[in-house]
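Let's take a walk through a protein model and see what sits where. Keep the picture open while you read.

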Amino acid sequence: MRTPFVAGNWKMNKTADAAVAFVREIAAELDAIAGIDVAVCPPFIAIPAVAEAVRGTKIGVGAQNMYHEVSGAYTGEVSPTMLQPYCQYVILGHSERRAYFGETDEGVNKKIVAALAHGLTPIVCVGESLAQNEAGETQSFVSGQVRAAFAGLSNEQAAACVIAYEPIWAIGTGRSATASQAGDIIRTSVRDVLADLFGRETAEAIRIQYGGSVTEDNIAEYMGQADIDGALVGGASLKPTFIKLVRAAAG
Ligand code: PGA
């Protein structure tokens, strides 16, 4: 069975000092929750200090982005080898990266390959806009994003990834998809597409998170869906009540 996995995406929040103070506050209680994997994804500059603060606990650390090259003339970018000493995970293709920073499906594909080559687990984000949702294009758009992100990957590479389905209209809006809506899209547009690409056995091994206004109050409903294996959590991962959310996700 797939072990549930909740990751907190802090986005551009918390200075390094505030990040360390926060993880120190929540680490012991998070560490005590059995049967679930948990990670926090701070801003780059807080990553080394947060990694140090959670050392010896079950809490993983993830980055929110990276570039696919290892080094070179790429001003402002951070490479997989720079993250690797501190991180187990890296969020790739978040809708905010795609919308504000010009990330493309092709770029996300390169980043997935680079992350895996350096021992990082990609959390690959997909999800449709409100306009696409209302136009009935969700299935075709999301499955297209999955196909593009995973193009050319081996079964082994695919199996080492996590995917987060995050409808853009549900991110930070308080307007979450219903659990059955999210479960249906994840089954038809993510897991079945992975099965088509890599075979059913590989597809069944891949963890798929829901993201978009997940809270301690609604997480249990999502976890009740057979194909939802956890959550990528933004706003609700910034507060100590994140502990309650993770506890509820662990069931
Ligand atoms: P939210 O963000 O939980 O604040 O909606 C989720 C995300 O963007 O990963």
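This is a predicted model: local features need pLDDT of at least 70, side-chain atom pairs count only at pLDDT 80 or more; totals for chains, interfaces and linings use all residues.

## Charged pairs

What lies behind pairs like this one? Side chains of opposite charge can pair when their charged atoms come close. The structure holds 15 salt bridges.

Take Arg-2 and Asp-229, whose side chains meet in a salt bridge of 2.8 Å, N to O. Here the pair links distant parts of the chain, 227 residues apart: Arg-2 sits in the segment before strand S1 (5-9), while Asp-229 is in the loop between helix H11 (219-223) and strand S8 (230-233). Arg-2 is buried, with a relative accessible area of 14%, and Asp-229 counts as buried as well, at 6% relative accessibility. Both belong to a network of salt bridges that also links Arg-191, Asp-192, Arg-200, Glu-204 and Asp-227.

Now look at Asp-196 and Arg-147, another salt bridge, with 2.8 Å between N and O. Asp-196 lies in helix H9 (residues 179-198) and Arg-147 in helix H7 (residues 138-149), so this pair ties together parts that are 49 residues apart in sequence. Asp-196 is exposed, with a relative accessible area of 53%, and Arg-147 is partly exposed, at 37%.

## The ligand and its neighbours

Which residues come nearest to the ligand? Of the 13 around it, they are Lys-11, His-94, Glu-166, Gly-172 and Ser-213. Lys-11 has a polar side-chain atom 2.7 Å from an oxygen atom of the ligand.

A polar backbone atom of Gly-234 is 2.8 Å from a ligand oxygen atom, and for Gly-235 the distance from a polar backbone atom to a ligand oxygen atom is 2.9 Å. On its own the ligand has 280 Å² of accessible area, and the protein covers 95% of that.

## Glu-96 and Lys-11

Lys-11 turns up again when you look at Glu-96. Glu-96 is found in helix H4 (residues 95-100) and is partly exposed, with a relative accessible area of 24%. Leaving aside residues up to four places away in sequence, Glu-96 touches Lys-11, Phe-101 and Ile-171.

Along the chain, Glu-96 and Lys-11 are 85 residues apart, but their C-alpha atoms are separated by 9.4 Å.

Cys-125 is in no disulfide either, and its nearest cysteine sulfur, that of Cys-41, is 9.3 Å away.

Are Cys-87 and Cys-125 buried or exposed? Cys-87 is buried, with a relative accessible area of 5%, and Cys-125 is buried too, at 1%.

Notes
Residues are numbered from 1 along each chain as its sequence is written. Side-chain values use heavy atoms; hydrogens and water are left out. Helices (H or I, at least four residues) and strands (E, at least two) are DSSP runs, numbered from the N terminus. Buried means under 20% relative accessible area, exposed over 50%, partly exposed in between (1.4 Å probe, protein chains only). Contact means heavy atoms within 4.5 Å. A disulfide is a pair of cysteine sulfur atoms within 2.5 Å. A residue is near a molecule or strand if one of its heavy atoms lies within 4 Å of it. A polar contact is a pair of N or O atoms within 3.5 Å; within protein, one must be able to donate a hydrogen and the other to accept it, and residues adjacent in sequence count only if both atoms are side-chain atoms. Accessible areas come from the Shrake-Rupley method with a 1.4 Å probe; for residues, only the protein chains shown count as cover. A salt bridge is a side-chain nitrogen of Lys or Arg within 4 Å of a carboxyl oxygen of Asp or Glu.
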